[in-house]
Amino acid sequence: MPAEVQRTRALAAWDAFRDLAGRVDLDAPSRLPGWDGRAVITHLASWPDAPLLVRLLAEASGRRAPDAAPMHQDEVNARLVLTHRDADREELLAALDDGRARLVAAFDATAEDPSLALARTGSQVGPVPLLTQLGAIAYELAVHALDLAPCGAGEPPPELLDAGVLALADITGALAARHGVRARTGLAVPGGGWGFAAPGAAGTGWEVFPLPPGRPNLPAVEARAAALLLDASAGRRPVPALLARRDLKPHNLPGLLSLAPLLDHVPGLPGGPALRLAAAALGGVGRITALLPALTRTRP
């Protein structure tokens, strides 16, 4: 996936979320237990006490070694929410604007020095390339835009959800490539979707590509709506219930299970329990499959 495509879609996702943040009820409960609208927005914004993109650029440039073990972002998020619990809307929007500016600067850095794009940086699922981390911010924004529905956010715009699905395909491909898992898999939604192949066409790494509309012609999870795909990947909705209602439909179950080895390499991967049920299904235990694993939360 060209870096410019990642950049365009990630920034469009950021702008869409910022618009949404400008109209939600900050004091209303979100879908996340114990978090109101203010808390959801706070942990996505950029604050001086937690400059994630500063750290990522330092790791990519070699000024700091990336953490080999998965990071504990939930602890950072909890501290941010507590520290900025009294932020008003103007402060929240300013912090979101700062996050966008930092994201632009990070993309600019990868354009000026392409070697930074594939440089390893620490994340909650272990080291992943910087460009994948930058794109994955769109996944976080899309999932949390859905979390803000009870706060009056309304349906997230299509460009935000599409960027989230693209990010999900990219990070899963990056993880497959990192662990030597061979897979060609799709995330299909109305109008198309995104797929990935590991290794890529050059025989190394991975590549991400758009899916045409219609029934996918590769192992894939097809969702009735992009929001359902993102919710299932993030653990917001139970996969078995979505499958029973045919809101999710697997295509080529054995091909999807090529991703099962990732469960051993990435502890706590979202979607992991359902993927294990899929493996059991091939052994004759029910008819259940799962959504592809996803990048856990990241934040600028």
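A residue counts as buried when its relative accessible area is under 20% and as exposed when that value is over 50%. By that rule, Arg 38 is buried, because its relative accessibility is 14%. Keep in mind that everything here comes from a predicted model.

**The chain as a whole**

- The protein chain has 12 helices and 7 strands.
- It has 300 residues, and 56% of them count as buried.
- The accessible surface comes to about 12,400 Å². Carbon and sulfur atoms account for 55% of that surface.
- Consider the contacts between residues at least 6 apart in sequence: 71% of these join residues at least 24 apart.

- At the start of helix 2, a side-chain oxygen of Asp 36 comes to within 3.2 Å of the backbone nitrogen of Arg 38.
- Arg 38 itself lies in helix 2. Setting aside residues up to four places away in sequence, Arg 38 touches Leu 26, Asp 27, His 84, Arg 85, Ala 87 and Leu 92.
- Thr 42 is also found in helix 2. Its relative accessible area is 1%, so Thr 42 counts as buried.
- Beyond its neighbours within four places in sequence, Thr 42 is in contact with Trp 47, Leu 80, Val 81, His 84 and Leu 92.
- An α-helix has 3.6 residues a turn, so residues three or four places apart point the same way.

- An open sheet is built from 5 strands in the order 5-4-3-6-7, and its pairing is mixed.
- Strand 5 (207-210) and strand 7 (248-251) are the edge strands, each pairing on one side only.
- On average, and with direction ignored, neighbouring strands of this sheet are turned by 15 degrees against each other.
- Strand 3 and strand 4 (residues 192-198) pair in the antiparallel sense, over 7 bridges.
- Ala 198 in strand 4 is the bridge partner of Ala 183.
- Helix 7 lies across strand 3, strand 4 and strand 5, and runs at about 10 degrees to strand 4.
- Helix 8 (residues 226-233) also packs on the sheet, where it touches strand 3, strand 6 (220-223) and strand 7. The direction of helix 8 makes about 130 degrees with that of strand 3.

**The nonpolar cores**

- The largest nonpolar core has 86 residues, and Phe 17, Ile 41 and Leu 248 touch the most other members.
- Helix 7 supplies the largest share of this core, with 12 residues.
- Phe 17, leaving aside neighbours within four places in sequence, is in contact with Ile 41, Leu 44, Leu 96, Leu 141, His 144, Ala 145, Leu 148 and Leu 160.
- A second, separate core has 6 residues, among them Ala 188, Ala 197, Phe 209 and Leu 218.

**Loops and backbone details**

- Gly 180 sits in the loop between helix 7 (158-178) and strand 3 (183-189). With a relative accessible area of 61%, Gly 180 is exposed.
- Gly 180 and Ala 198 are 18 residues apart along the chain, and their C-alpha atoms are separated by 8.1 Å.
- Most residues other than glycine have a negative phi, and most peptide bonds are trans.
- Ala 198 and Pro 199 are joined by a cis peptide bond, with omega about 0 degrees. Pro 199 lies in the loop between strand 4 and strand 5.
- Arg 246 has a positive phi, near 60 degrees, and is a residue other than glycine.
- Arg 246 belongs to the loop between helix 9 (239-244) and strand 7. Its relative accessibility is 56%, so Arg 246 counts as exposed.

Key:
Residues numbered from 1 in each chain as written. Predicted model: local features only at pLDDT ≥ 70, side-chain atom pairs only at ≥ 80, totals over all residues. Heavy atoms only, no water. Helix = DSSP H or I, 4+ residues; strand = E, 2+ residues; numbered from the N terminus. Buried < 20%, exposed > 50% of the residue type's maximum accessible area, 1.4 Å probe, protein only. Contact = heavy atoms within 4.5 Å. Areas by Shrake-Rupley, 256 points an atom, 1.4 Å probe, with all protein chains shown as cover. Polar contact = N/O pair within 3.5 Å; in protein donor to acceptor, adjacent residues only side chain to side chain. Pairing = 2+ DSSP bridges. Axes fitted to C-alpha atoms, helices over the stretch in contact; angles between N-to-C directions. Core = buried A, V, L, I, M, F, W, Y, C linked by side-chain atoms within 4.5 Å.
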